[in-house]
Amino acid sequence: MAYPFLGVFARSLGVDLQTMSFALTARSVAGGFGPFMASIADTRGRKFGMLAGLGMFICGVVLVVFWPVYPSLVVSLILTTLGKYLFDPSMQAYLGDRVPYERRGRTIAVTEFGWSLAFILGVPVMGFLIARHGWLAPFPLLTVLGLLLFASLWTFLPNDRSQSASSIHPGYGSNLLKSNFHIVLTSAPALAGLAVGFLATIANESVNLVFGVWLEDSFGLQIGALGASAAVIGIAELSGEGMVAAFVDRLGKPRALAIGLISNSLAALLLPLLGHSEIGALVGLFLFYITFEFTIVSIIPMMTEILPQARATMMAFNVGALSLGRALGAPLTSWLYGFGFPIVAAAAVVFNMIALLSLQRLQAMLASRD
């Protein structure tokens, strides 16, 4: 909800857009430390990692409930993001341990439905609450939901023991973290894959950060309409995830990813052309987000198999790369937006094309390895 209501939060807290963009940058930079945390899923188990991530999310939203000022919102953004960046790799490693690679794309896509449904259902509800009760209203609700989810996972998710510490790396003991980091950072295919996600996320953040401000500036949309625009994006992302579930395993993960990068670039080029009307702008955003979601969800199953011996750590690095992409994209976009939205869209295309080159390099390395 930080993206569509970025302007609302800034006005309510008495800060400008640039200051709010620094808050998002701090959140994303902190997310770069995700690999240090999520590696515990390789040592303490996937369930432990998921519960720890959800616990951090709860602490983040509770903080704003009791201290509703700008510094606490910054800390909250950091904690909730770190929680997600601990939860996601743990969950993806859990599935990677249990689902064969040839069916993993569909399985990962199903779990990603949660992200788009949060846009379709959650953000409009947040907009409704903010419009009637102020910017603080969503945080008590998120606290309650977080506690309910923690209790559900604790009760229903089967206990597991990570195989990494016991069988994949026998004898490493406390040096497992260092060993897994070394495996990832010295693997050329892993680094190439991380570069793809990093660059594609910068491209997405170029539009993501300013779409709410752009709609407000261009058409004067109010809070409720901004919530509705988020629902449009959620539908696009849900559709993109559905397309991944249907096609990525058939097409092959790298090929699907290439299609996604090219399609997202075309959608970015269309955004300024369609943005002369409110409906056109929303159609453009729909195309941009459906293609990006197809891209980003195609990356995840591909990355789960690059380094199976350090799967949770690899997925944590993947999440960290995405986070650092957002960290770089936020200040870059706030500066580029001063030159107009078409420049922002052009920047998205440039970063997507560099990501495509990195993907080609990755495919060459995987082919030679096989």
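Visitor: Which residues have the most contacts inside the largest nonpolar core?
Guide: In this predicted model, they are Leu 73, Leu 261, Leu 285, Met 303, Met 314, Phe 341 and Leu 359. The core has 101 residues. Helix H15 (residues 278–304) gives the most to this core, with 14 residues.

Visitor: Why is the pair of Phe 181 and Phe 317 called edge-to-face?
Guide: The centres are 5.0 Å apart and the planes 70 degrees. Rings pair within 6.5 Å, and planes over 60 degrees apart count as edge-to-face, so both conditions hold. The structure holds 6 aromatic pairs.

Visitor: What makes this pair a tie between parts apart in sequence?
Guide: Phe 181 lies in helix H10 (residues 176–185) and Phe 317 in helix H16 (residues 311–336), so the pair joins parts that are 136 residues apart in sequence. Phe 181 and Phe 317 are buried.

Visitor: What makes Phe 288 and Tyr 289 an edge-to-face pair?
Guide: Their planes stand at 80 degrees, with 5.6 Å centre to centre.

Visitor: How do you know whether Phe 288 is buried or exposed?
Guide: Its relative accessible area is 0%. Buried means under 20%, so Phe 288 is buried. Tyr 289, at 1%, is buried by the same cut-off.

Methods: Residues numbered from 1 in each chain as written. Predicted model: local features only at pLDDT ≥ 70, side-chain atom pairs only at ≥ 80, totals over all residues. Heavy atoms only, no water. Core = buried A, V, L, I, M, F, W, Y, C linked by side-chain atoms within 4.5 Å. Buried < 20%, exposed > 50% of the residue type's maximum accessible area, 1.4 Å probe, protein only. Helix = DSSP H or I, 4+ residues; strand = E, 2+ residues; numbered from the N terminus. Phe/Tyr/Trp six-rings, centres within 6.5 Å; stacked < 30°, edge-to-face > 60°.
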